[in-house]
Amino acid sequence: MNNIDEIKRPSKEEQRAAMKSYNALAATLDQIHSEYPEIEIEETNERIKIPLSALRLLAKILKETSQGKPISIVPVATEITTQAAAEMLGCSRPHLVKLLEKGEINFTKIGKHRRIQYQDLIDYRKKMKAEQRKLLTEIMKADEETGLYDS
């Protein structure tokens with residue numbers, strides 16, 4: 001797994017190239033009917049069969065890159081450290097450890113080190129986002145009922 005400190009924001013030139021590539025790839029994806037289309041590398045004239053799912057992922061990467069967003073790919077089954085998990089959630093490592101110890105996020109302990117499955121972290125983040133949306137909706141409804149919003 002890449003160290004999160006090594007992930008860099010794409011340059012303006014990379015963003016422009018990614019946008020051009022994304023537009024071409026997105027248009028082409030709609031026309032592909034094979035699960036393993038063949039692509040050609042122009043510089044080497046090499047033809048490569050690649051899973052359609054990988055091409056779709058490449059399109060997503062190009063889109064995010066074109067918007068100036070740094071990208072990192074992490075295999076779903078990857079175990080990550082508490083520091084990396086805290087950075088992904090945008091909280092401190094001690095706060096994350098409290099969440100782990102309360103059973104909010106599954107983890108394993110190897111010696112004295114805690115490891116978290118990447119998918120468990122993503123599941124927790126999705127759960128938290130859903131709870132935040134629910135609470136915001138409740139707050140907005142309460143504000144409407146008390147007349148804080150003009151209709």
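The model is predicted, so local features need pLDDT of at least 70 and side-chain atom pairs count only at pLDDT 80 or more, while totals for chains, interfaces and linings use all residues. Residues are numbered from 1 along each chain as its sequence is written, and side-chain values use heavy atoms, leaving out hydrogens and water.

**The hairpin**
- Strands β1 (residues 38–41) and β2 (residues 46–49) pair in the antiparallel sense over four bridges; strands are DSSP runs of E with at least two residues, helices are runs of H or I with at least four, both numbered from the N terminus, and pairing takes at least two DSSP bridges.
- Glu38 has Lys49 in β2 as its bridge partner.
- Four residues sit between the strands of this hairpin, where Asn45 takes a positive phi near 60°.

**Helix α2**
- Leu52, Leu55, Ala59, Leu62, Thr65 and Ser66 of α2 are buried, meaning under 20% relative accessible area with a 1.4 Å probe and protein chains only; exposed is over 50%, and partly exposed is in between.
- Those buried residues line one face of α2, because they fall within an arc of 135° seen down the axis, going by the directions from the helix axis to the C-beta atoms.
- On the other side of α2, Ser53 and Lys60 are exposed.
- Just after α2, Gly68 takes a positive phi of about 80°.
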